[in-house]
Amino acid sequence: MTEHPDITQLSAHLDNELSSADMAQTSSHLLSCPICQRQYRDLRELSQDMHQLPMLESGLDLPMLLRQLPERQPVARRQRGRRALSGTAAAASLLLGLFIGTALHSSVDIREPSFAALAILDNTPPGALCRQPELCYLQRSPR
Amino acid sequence: MQTTDGELIRRARAGDRQAFGELVQLHQGRVFSFVRRLCGNPDNALDLTQETFIKAWQALPGWRPDARFTTWLLRIARNTAIDALRRARHEPDPLPEDYLLTDPGPTPSRQLQNSRDIAQLEALLARLPLAQREVLLLRELEGFSYQEMASALDISEGTVKSRLARARTAVLQARRDTTGESDD
Ligand SMILES: [Zn+2]
């Protein structure tokens with residue numbers, strides 16, 4: 001039997017995020033090692049349990065949110081200053097501008113790599129992800 | 001869903017607020033749930049959800065279809081929440097047992113016994129260090145790949161891999177400690 005894969009390998013195997021050679025090696029080990037089978041089964045059960053966590057109700061006030069959406073103007077308006085705005089509105093705009101500035105510069109990097117190959121994940125319910133059926137039927141060992 | 005999203009995004013990018021409103025309706029539960037679990041406090045989570053969508057509205061002209069819209073949106077949500085946590089240095093509050101439940105998702109092969117089990121799992125998640133909690137949520141609830149997480153969190157895929165394994169190990173261990181189950 002090969003050396004036990006560590007928990008990081010098992011976790012990445014569960015996510016199908018190992019190289020194909022590592023996937024094959026880990027799968028082969030798993031099929032013959034009850035110790036790793038148990039660890040793997042625990043990881044898989046945790047994953048299944050997490051898929052059952054419900055979506056939470058937001059209680060978002062949509063009409064109000066839509067009213068709050070700022071005008072979207074690509075040209076910077078900073079030079080126009082605060083004169084035309086009342087005190088409260090000016091402060092709110094400034095704060096919003098800071099948030100948006102942060103989002104645009106640090107949070108939203110549009111140069112993301114392509115994830116087209118992962119589109120399949122969108123159409124598959126999480127609980128149904130099982131690329132290696134033989135490992136889905138590992139039996140719960142008696143405790 | 002994909003087509004609808006695509007058409008709504010196209011219209012919202014062009015400035016159609018109604019289309020953006022439909023996008024908000026489609027995605028608000030997911031954004032709120034993620035932010036709520038990430039940062040704890042439900043009032044903060046609602047504010048952060050609103051803030052996320054306002055930022056998304058502003059940034060939408062820069063969105064490119066080479067990233068999933070939800071990936072892009074959750075990245076904004078995550079950064080908004082992290083910024084707020086940093087500002088407040090606020091440790092998350094665990095979810096109460098009677099928080100509102102909605103769609104339980106597809107029928108899984110293994111069922112948590114009851115709402116108490118779900119609340120227990122929520123509480124264990126809330127106790128994880130933030131960096132571990134976010135990778136676990138993004139992976140398990142949002143289906144992010146390691147590459148998507150690495151990009152969203154600005155860390156390497158190797159870090160994603162090890163952080164996720166640590167998060168899972170920590171939850172499993174905490175669960176054993178809670179139930180008194182032995183580790184061997
Ligand atoms: Zn082994």
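Biologist: Which residues of α7(B) are buried?

Modeller: This is a predicted model, so read every value as computed. In helix α7 (residues 146–153) of chain B, 6 of the 8 residues are buried, so the helix is largely enclosed by the rest of the structure. The buried residues are Tyr146(B), Glu148(B), Met149(B), Ala150(B), Ala152(B) and Leu153(B).

Biologist: Against which helices do the buried residues of α7(B) pack?

Modeller: Two chains take part. From chain A comes α1 (7–14). From chain B, the partners are α4 (69–88), α6 and α8.

Biologist: Which residue just after α7(B) takes a positive phi?

Modeller: Look past the end of the helix, which spans residues 146–153. The phi there is about 60°. The residue is Asp154(B).

Biologist: What share of the contacts in chain B with a separation of 6 or more comes from residues 24 or more positions apart?

Modeller: Chain B has 184 residues, and 54% of them count as buried. Now take its contacts with a separation of 6 or more. Residues 24 or more positions apart account for 63%.

Biologist: Is α2(B) oblique or roughly antiparallel to α3(B)?

Modeller: Helix α2 (residues 17–39) of chain B packs on helix α3 (residues 42–59) of chain B at about 140°, with the axes 8 Å apart. Roughly antiparallel needs an angle over 145 degrees. The crossing of the two is right-handed. The angle therefore makes α2(B), relative to α3(B), oblique.

Biologist: Is α2(B) oblique or roughly antiparallel to α6(B)?

Modeller: These two helices pack at about 155°, with their axes 10 Å apart. Angles over 145 degrees count as roughly antiparallel. The crossing is right-handed. So α2(B) lies, relative to α6(B), roughly antiparallel.

Biologist: Which residues of α6(B) make the contact with α2(B)?

Modeller: From α2(B) come Phe34(B), Arg37(B) and Leu38(B). The residues of this contact divide into 5 nonpolar, no polar and 3 charged. From α6(B) come Leu130(B), Arg133(B), Glu134(B), Leu137(B) and Leu138(B).

Biologist: What separates the C-alpha atoms of Leu137(B) and Leu38(B)?

Modeller: Leu137(B) sits in helix α6 of chain B and is buried, at 1% relative accessibility. Leaving aside neighbours within four places in sequence, its contacts include Met50(A), Phe34(B) and Leu38(B). Leu137(B) and Leu38(B) are 99 residues apart along the chain. Their C-alpha atoms are separated by 8.2 Å.

Biologist: Which residues does the network containing Glu140(B) and Arg168(B) join?

Modeller: Glu140(B) and Arg168(B) meet in a salt bridge, at 2.9 Å from N to O. Glu140(B) lies in helix α6 (residues 130–140) of chain B and Arg168(B) in helix α8 (residues 157–179) of chain B, so the pair ties together parts 28 residues apart in sequence. Both are buried, Glu140(B) at 4% and Arg168(B) at 0% relative accessible area. Salt bridges that share partners join Asp15(A), Arg139(B), Glu140(B) and Arg168(B).

Biologist: How far apart are the closest N and O atoms of Arg17(B) and Glu71(A)?

Modeller: Arg17(B) lies in helix α2 of chain B and Glu71(A) in the loop between α4 (62–68) and α5 (87–107) of chain A, so the pair joins two chains. Arg17(B) is partly exposed at 25%, while Glu71(A) is exposed at 52%. Their salt bridge puts the closest N and O atoms 3.4 Å apart.

Biologist: How many salt bridges are there over all chains?

Modeller: Side chains of opposite charge can pair when their charged atoms come close. Another pair is Asp42(A) with Arg41(A), at 3.5 Å from N to O. Asp42(A) is buried at 8%, and Arg41(A) is buried at 2%. A search of the whole structure finds 16.

Conventions: Residues are numbered from 1 along each chain as its sequence is written. Chains are lettered from A and ligands numbered from 1 in the order in which they are written. This is a predicted model: local features need pLDDT of at least 70, side-chain atom pairs count only at pLDDT 80 or more; totals for chains, interfaces and linings use all residues. Side-chain values use heavy atoms; hydrogens and water are left out. Axes are lines fitted to C-alpha atoms, for helices over the stretch in contact, and angles run from 0 to 180 degrees between N-to-C directions. Helices (H or I, at least four residues) and strands (E, at least two) are DSSP runs, numbered from the N terminus. Angles under 35 degrees count as roughly parallel, over 145 as roughly antiparallel, 65 to 115 as roughly perpendicular and the rest as oblique. A crossing is left-handed if the near helix is turned anticlockwise from the far one by less than a right angle, and right-handed if clockwise. A salt bridge is a side-chain nitrogen of Lys or Arg within 4 Å of a carboxyl oxygen of Asp or Glu. Buried means under 20% relative accessible area, exposed over 50%, partly exposed in between (1.4 Å probe, protein chains only). Contact means heavy atoms within 4.5 Å. Ala, Val, Leu, Ile, Met, Phe, Trp, Tyr, Cys and Pro count as nonpolar, Asp, Glu, Lys and Arg as charged, and the others, Gly among them, as polar.
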